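Here is a short report on one structure.

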Amino acid sequence: MRRLGVEYSAWPTADVLRELHLRHLRTVPFENLSVHLGEEIVLEERRLVEKVAMTGRGGFCYELNGAFGALLRALGFDVTPLACRVYGDEGRLGIPYDHLALLVRTVDAGEWLADVGFGAHSHFPLRFEHRGKQEDPGGVFRIVEAGADAAGVKGGAGRPAREGGGGVAGAADLDVVRDGRRVYRLEVRPRVLGDFVAGAWWHSTSPESHFTRSPVCSRVTEDGGRITLSGRRLKVTDAQGVSEERELAGDGEVLGVYRERFGIALERVPVARGGDMA
């Protein structure tokens, strides 16, 4: 994928996966602009790759991980989509097919959890079978058995291991933990992209979905920080977590930030579905 700034002919190794993962997060924004521009979201690999690679857009989890999975397969990686349910307020789990992540098998270092579609998350893929701490520029991560009272892990403890829908061959679901808090529940059962159509529809239409509340566009910066445009509010966070925020003055400035900071050329400013840009 030329947009990531490099072409690969290497073996599908862990090092190649790590580099692609980080380049994707720096280059392709996490964004929900299609929801607020009235654009159709089609979960077909060809359409997703075209959106990211040909039109210079990003997307939300189904789109970003769908396109990234297609790239990895083309490079020889073994890729399996996995369904997740995101932890919300008070440790409640979201809808089925709430999120899509990728199980990626490399030729030299086993299985990895790759996720370029969750917004603020790990910068590098996580070792799928490792149950200890995994340090990353995005935080300290762990993958633990769902419902386990793991030491130092908050939220969701005691929930049944199969609440997310269950795995295969008796395998328990897993919880992905960031900085001591459960982020999402991961099913180990293999899925296909078409399984997530209902989840994508819900997130792009329901007033209960946070994706319908305001346009958001975000990516990792070269220094390891993050830049986010939410409505008209621009937030820039450095690698040490120090943030600066300001309200953009008008449509021209908003469109300029999309173009110059995210590489997205729009003809008009996305307006929240309810008409509220706050």
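## The largest cavity

Leu25, Val28, Pro29, Phe30, Leu64, Val116, Gly119, Ser218, Arg219, Val220 and Arg226 line the largest cavity of this predicted model. A cavity here is a set of points on a 1 Å grid over the protein atoms alone, where a 1.4 Å probe fits but cannot get out; lining residues have an atom within 4 Å of a point. The space inside is about 40 Å³. The volume is that filled by probe spheres set on the points, which are joined across faces, edges and corners. The structure holds 1 cavity of 30 Å³ or more.

By class, the lining has 7 nonpolar, 2 polar and 2 charged residues. Nonpolar covers Ala, Val, Leu, Ile, Met, Phe, Trp, Tyr, Cys and Pro; charged covers Asp, Glu, Lys and Arg; the others, Gly among them, are polar. Strand 10 (residues 216–220) gives the largest share, 3 residues. Strands (E, at least two residues) and helices (H or I, at least four) are DSSP runs, numbered from the N terminus.

Strand 1 and strand 10 pair over 2 bridges; pairing requires at least two DSSP bridges. Phenylalanine 30 has serine 218 as its bridge partner in strand 10. Both residues also line the cavity.

## Strand 9

Strand 9 (residues 181–190) is largely enclosed by the rest of the structure, because 7 of its 10 residues are buried. Buried means under 20% relative accessible area (1.4 Å probe, protein chains only).

Strand 2 (residues 78–86) runs antiparallel to strand 9, with 4 bridges. Leucine 82 is partnered with proline 190 there. Strand 8 (residues 174–178) is also antiparallel to strand 9, with 5 bridges. Valine 177 stands opposite arginine 182. This hairpin has 2 residues between the strands, and aspartate 179 takes a positive phi near 50°.

## The nonpolar core

The largest nonpolar core has 32 residues, and Tyr62, Phe68, Leu72 and Val104 have the most contacts inside it. Such a core joins buried Ala, Val, Leu, Ile, Met, Phe, Trp, Tyr and Cys residues through side-chain atoms within 4.5 Å. Helix 4 gives the largest share, 7 residues.

## Basis of the values

Residues are numbered from 1 along each chain as its sequence is written. Local features need pLDDT of at least 70, side-chain atom pairs count only at pLDDT 80 or more, and totals for chains, interfaces and linings use all residues, while side-chain values use heavy atoms, without hydrogens and water.

Terms used: On a 1 Å grid over the protein atoms alone, a cavity is a set of points where a 1.4 Å probe fits but cannot get out, and a pocket is an open set with protein on both sides within 12 Å along at least five of seven lines; lining residues have an atom within 4 Å of a point. Buried means under 20% relative accessible area, exposed over 50%, partly exposed in between (1.4 Å probe, protein chains only).
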